[in-house]
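This report describes selected features of one protein model. The sequence and the structure come first, and the description follows.

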Amino acid sequence: MNLADFDYHLPPERIAAEPARPRHAARLLHVRGDGLDDRTILDLPALLAPGDLLVVNDTRVIPAQLTGRRGDARIGITLDRPLADGTWRVLLRNARRARPGETIAIDGAGGIAAEVIDRAPDGSATLRFDCDAETFRAMLDRAASLALPPYIPRPAGISEQDRQDYQTMFAAEEGAVAAPTAGLHFTETVLAALAARGVGLATVTLHVGAGTFLPVREDQLERHKLHAERGLIGPETAALVNATRARGGRIVAVGTTSLRVLETAAGDDGTLAPWHGETELFITPGYRFKLVDRLMTNFHLPKSTLLMLVAAFAGVERMRAAYAHAIARGYRFYSYGDASLLERA
């Protein structure tokens, strides 16, 4: 399939600039094998069965947007992920004058600067900050802001409300640049109802990187390469997943991030072992899913890798019909928007 196969027109007014309040007031489109049902997040427990296992991403978003200066040039820096040698992979904007070996001064960082180690054609680079890890983290709290997606306009800057809204209730392990947005819909009310229904809960970690903001530029999908993202599955989660499958329960991934880390770590027979490392798994139609039975996810951008993933999971034509239905019925799209529950094709 080509990139154009995943395009659609979204009226601008369908893009959510604020989340639903309370979070569980968001709508939920149930995409079944034989139809579509308009629901709300509070209906999720009734759509699952006792013995199912919900798997959520417990990554925590860090302030990842910095501003630097090289001479008179103002350079945007979005952190992506730390590397083993202590450097950081980042995305740069307006950085034509920042060449390997040169230094970028960080605004508001109390004299901290970063050396450019290398540059890549896609706008990514490797930087070495001239401070230790503890000082670096404290600097982020002073000098960095949340890297909200560009379709959430904040002309006056990031608010304290956004700092609260853009974390899931599961956020524990620091390292994400962007939120795992399907998890934003959960509240204590929803979790209590899921527990009463007999649905289990497990966590994985996938630190969403800055690559999530980059468009797909290759018309032929097989030529596109995802940026690596760091993840972890602990032994307790692996045991819960394997026990659930052994007794006939279903694995319900909350978000494409949870799905990607589960599918990365799963064996060909669907068995899950503890895992940590990086994943570049790019799921497109034709992928054979090994583990995940249901997927709860938001509505994704046209021509995005996430739209390709949901089409692979639920079927291309079913997702085209689901998105057309959601637009016609006034669903809210993207990070702060409504959600869908997909059955696997």
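How many bridges join strand E8 to strand E9? Strands E8 (residues 103–106) and E9 (residues 113–119) run antiparallel and are joined by 3 bridges.

## Basis

This is a predicted model, in which local features need pLDDT of at least 70 and side-chain atom pairs count only at pLDDT 80 or more, while totals for chains, interfaces and linings use all residues. Residues are numbered from 1 along each chain as its sequence is written, and side-chain values use heavy atoms, with hydrogens and water left out.

Helices (H or I, at least four residues) and strands (E, at least two) are DSSP runs numbered from the N terminus. Two strands pair if DSSP finds at least two bridges between them.

## Two hairpins

Ala105 stands opposite Ala113 in E9. The hairpin of E8 and E9 has 6 residues between the strands, and Gly108 in its turn has a positive phi of about 70 degrees.

E9 also pairs with strand E10 (residues 124–129), in the antiparallel sense and over 5 bridges. Here Glu115 stands opposite Arg128 in E10. E9 and E10 form a hairpin with 4 residues between them; Gly123, in the turn, has a positive phi of about 95 degrees.

## Barrel and helix

E10 pairs with strand E7 (residues 88–93) as well, antiparallel and over 4 bridges. The barrel is closed by 6 strands in the order E5-E6-E7-E10-E9-E8, with antiparallel pairing. From one strand to the next the twist averages 45 degrees (axes are lines fitted to C-alpha atoms, for helices over the stretch in contact, and angles run from 0 to 180 degrees between N-to-C directions).

Helix H2 (residues 133–143) packs on the sheet and touches E5 (65–70), E6 (73–82), E7, E8 and E10. The direction of H2 makes about 95 degrees with that of E5.

Thr297 is found in strand E16 (residues 294–298). Thr297 counts as buried because its relative accessibility is 2%, the limit being under 20% relative accessible area with a 1.4 Å probe and protein chains only.

The side chains of Thr297 and His300 are joined by a polar contact of 2.7 Å (a pair of N or O atoms within 3.5 Å, one able to donate a hydrogen and the other to accept it). Leaving aside neighbours within four places in sequence, Thr297 is in contact (heavy atoms within 4.5 Å) with residues including Ala182, Thr256, Val310 and Leu342.

Technical notes:
Buried < 20%, exposed > 50% of the residue type's maximum accessible area, 1.4 Å probe, protein only.
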